[in-house]
Amino acid sequence: MKRLLILCDMFPPAFAPRMGYLCKYLQRAGWETHVVSEQIDDHTFAFLEGYADSVHYVSFYSACHPLLRKLQWIVVMLLDLLFHYKDRKMCQVASKVLRQQDCQAIIGCTYRTFPLPAAARLAQQFKLPFIADLRDIVEQYAAEEFIAHPLPLPRWLNRPIHAGFRRRLLHDRNKALRQATAVTTVSPWHVQTLKAFNPNVHLIYNGYDPELFYPQATPTKPFTITYTGRVHSIALQDPTLLFKAIKAMNDAGLIQPADFRVVWYTDARSQNIIEEEAIRLDVSKYMVYKSYVPAAEIPVILNQSAILLLLTNKSGNGGPNGILTTKFFEYMAVEKPILCVRSDEACLAETIQRTHSGLAATQVEEVCDFLKQHYQEWQTKGYTTSMVDHNQLRQFSRQEQANQFIKLINHCMYYG
């Protein structure tokens, strides 16, 4: 029996399903997985519970009142910056697990830095191979979107604090990467960026679970463009081309709100960003806002949509860079047309083109043409479809990605 220790910043039922899906398919391959993760109050991925052989949640916050909670968050952040508090505490818990379980390797999974330093320290202490898995990196963002909760301070004071925080995150992350036996990440751009710190970097995409995401040709009304997830900023995710196309089609009398809408499954902060742009471009009447739903409900929502929306912006020095979100692969798996605005003109656009899964747009006119084409298809059939290349699609399944991890872990165990 092969046993793996996974350290991660989030684990189901909380958001970030990458390691949850890995545990699911490792279990089927006969592996044991033991997980140590931060305790996060979220149940988006409750259906992924139960696949790990043991899960140990580390809590850093106890206060319930919002003001006390915010104060506690600030204190923990400062302790972490000054003394690596969170990694030290995770090391204590994970050390006990390693003494009880004969694990042969460690994976540390993060979207920034924590808990990679803890994983590196444990790998050195217990003489185990260590794989650093980065599903996001600080460098991919346009500005400060990597900070989940900005400090409640004036912007002129926040800016140097955020810059110092960024330097510290990168310093600690890169130190851990240099100690890793191997590194895995989620896009070709991420691979090239991280090779500066460890030459042994492997591409393992985010993906879709084929048991959950598959096409269903279900006639639905009205014609619905669906977006699921957050909107961090217009610099990172710009809906302008879509909104201008909707405005043009409305003014031409081609659509009306009764049978054409854009539905956003998102949070309040994201809704505020979207509403402001929709008002500015005079398309508010086409917008419908809904709160997050459990991840298990997403396949039905996607299959009942006419077009699935991806938001990004042109890739460049200011970002966004290399962002291939999980939703993109789940969109592909249900075989609905994908509209990406604005095209990143990089790896996302290239993957959309290579898989024949939709349009990565750079002009309003091509968005209009895309919407008209699929609106007519919907009027004729009651639903829409996308001619996705199935050979390309299969490489993005979570089962295939688990096989990639297994091969890499075995190689690290036997050859270092």
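Trainee: How many aromatic pairs does the structure hold?
Mentor: A pair of aromatic rings is described by the distance of the centres and the angle of the planes. Rings of Phe, Tyr and Trp (its six-membered ring) pair if their centres lie within 6.5 Å; planes under 30 degrees apart are stacked, over 60 edge-to-face, and the rest tilted. There are 17 aromatic pairs here. Among them, Phe223 and Phe260 are stacked, 5.0 Å centre to centre with 20 degrees between the planes.

Mentor: A word on the source: this is a predicted model, where local features need pLDDT of at least 70, side-chain atom pairs count only at pLDDT 80 or more, and totals for chains, interfaces and linings use all residues. Residues are numbered from 1 along each chain as its sequence is written, and side-chain values use heavy atoms, leaving out hydrogens and water.

Trainee: Is Phe223 buried or exposed?
Mentor: Buried means under 20% relative accessible area, exposed over 50%, partly exposed in between (1.4 Å probe, protein chains only). Phe223 has 0% relative accessibility, so Phe223 counts as buried. Phe260, at 0% relative accessibility, counts as buried too.

Trainee: What kind of pair do Phe223 and Tyr375 form?
Mentor: That pair is edge-to-face, at 5.2 Å centre to centre and 90 degrees between the planes. Tyr375 is buried, with a relative accessible area of 6%.

Trainee: Which residues do ring pairs link into a cluster?
Mentor: Phe223, Phe260, Tyr286, Tyr375 and Trp378 are linked that way.
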